[in-house]
Amino acid sequence: MSIYQKLTKIGSKFFGKDLLFKHGFNLSPMYRRSTGRIISVSKDLMDISVRLPINYKNRNYVNSIFGGSMFSAVDPIPMVQLMNILGEDYVVWDKSAEILFKRPARETLFADFMYSHDEIEKIKQRVASENEITIIKETQLMDKDKSKVFCVVNKTIYVANKSFYKKKRSKTRSKS
């Protein structure tokens with residue numbers, strides 16, 4: 001269990017998971033360096049919004065937002081969001097990511113991360129029948145009006161039944 005998971009477990013006794021998610025990310029050194037900030041989290045964690053302002057910390061050689069800042073501002077959210085929605089009976093890991101730059105970003109960007117209740121039920125049903133699955137979540141970094149897309153990030157996320165995953169890992173270790 002990571003330090004962040006331990007703090008969440010303790011903090012959730014006093015605060016809502018939505019507040020912990022927002023302020024925990026915004027205060028954590030690993031996320032602060034991205035220059036992105038979580039601006040809203042729904043009570044059920046199904047909707048999260050991020051703002052990535054352009055500033056001296058993330059401007060690149062051509063005066064637009066550095067691609068690494070764009071990626072790191074959105075990278076951890078879908079996986080950690082899904083982990084918290086599904087709960088402790090599931091294992092959730094990032095498997096891969098693809099970033100597609102559409103245009104230079106010379107203004108503040110915004111991204112929304114959403115899971116629907118139907119999507120969560122389908123994930124649970126698939127894991128119940130297949131034990132492990134992968135899903136792809138797309139995130140778009142857009143302007144404030146959501147009229148221009150600057151970048152698209154596709155994350156491939158692995159989801160498994162925790163007991164299945166533990167058995168699979170023990171078999172792998174015993175073969176080594």
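Q: How many bridges join strand E1 to strand E2, and which way do they run?
A: Keeping in mind that this is a predicted model, strand E1 (residues 37–41) and strand E2 (residues 47–52) are joined by four bridges, and the two strands run antiparallel. Within that pairing, Arg 37 has Arg 51 of E2 as its bridge partner.

Q: And what lies between E1 and E2?
A: The two strands form a hairpin with five residues between them, and in the turn Leu 45 has a positive phi of about 65°.

Q: Which residue stands opposite Ile 48?
A: That is Phe 113, which belongs to E4. E2 is joined to strand E4 (residues 109–114) by six bridges, and these strands run antiparallel.

Q: Switching to helices: at roughly what angle do H2 and H5 cross?
A: The axes of helix H2 (residues 17–27) and helix H5 (residues 77–86) cross at roughly 155°, coming within 12 Å. Because angles over 145 degrees count as roughly antiparallel, H2 is described as roughly antiparallel to H5. The crossing in which H2 passes H5 is right-handed.

Q: Which residues make that contact?
A: From H2 the contact uses Lys 17, Phe 21 and Phe 25, while H5 contributes Ile 77, Val 80, Gln 81 and Asn 84. By class, the residues of this contact between H2 and H5 comprise four nonpolar, two polar and one charged.

Q: What about H5 and H6, at roughly what angle do they cross?
A: The axes of H5 and helix H6 (residues 117–130) also come within 12 Å, and here they cross at roughly 75°, which means that H5 is roughly perpendicular to H6. The contact is made by Leu 82, Ile 85 and Leu 86 on the H5 side and by Ile 120, Ile 123 and Lys 124 on the H6 side. The residues of the contact of H5 with H6 divide into five nonpolar, no polar and one charged.

Q: New topic: how many salt bridges does a search of the whole structure find?
A: The search finds nine salt bridges.

Q: Where do Lys 155 and Asp 94 lie?
A: Lys 155 lies in strand E6 (residues 149–161) and Asp 94 in strand E3 (residues 90–101), so this pair ties together parts that are 61 residues apart in sequence.

Terms used. Residues are numbered from 1 along each chain as its sequence is written. This is a predicted model: local features need pLDDT of at least 70, side-chain atom pairs count only at pLDDT 80 or more; totals for chains, interfaces and linings use all residues. Side-chain values use heavy atoms; hydrogens and water are left out. Axes are lines fitted to C-alpha atoms, for helices over the stretch in contact, and angles run from 0 to 180 degrees between N-to-C directions. Angles under 35 degrees count as roughly parallel, over 145 as roughly antiparallel, 65 to 115 as roughly perpendicular and the rest as oblique. A crossing is left-handed if the near helix is turned anticlockwise from the far one by less than a right angle, and right-handed if clockwise. Contact means heavy atoms within 4.5 Å. Ala, Val, Leu, Ile, Met, Phe, Trp, Tyr, Cys and Pro count as nonpolar, Asp, Glu, Lys and Arg as charged, and the others, Gly among them, as polar. Two strands pair if DSSP finds at least two bridges between them. A salt bridge is a side-chain nitrogen of Lys or Arg within 4 Å of a carboxyl oxygen of Asp or Glu.
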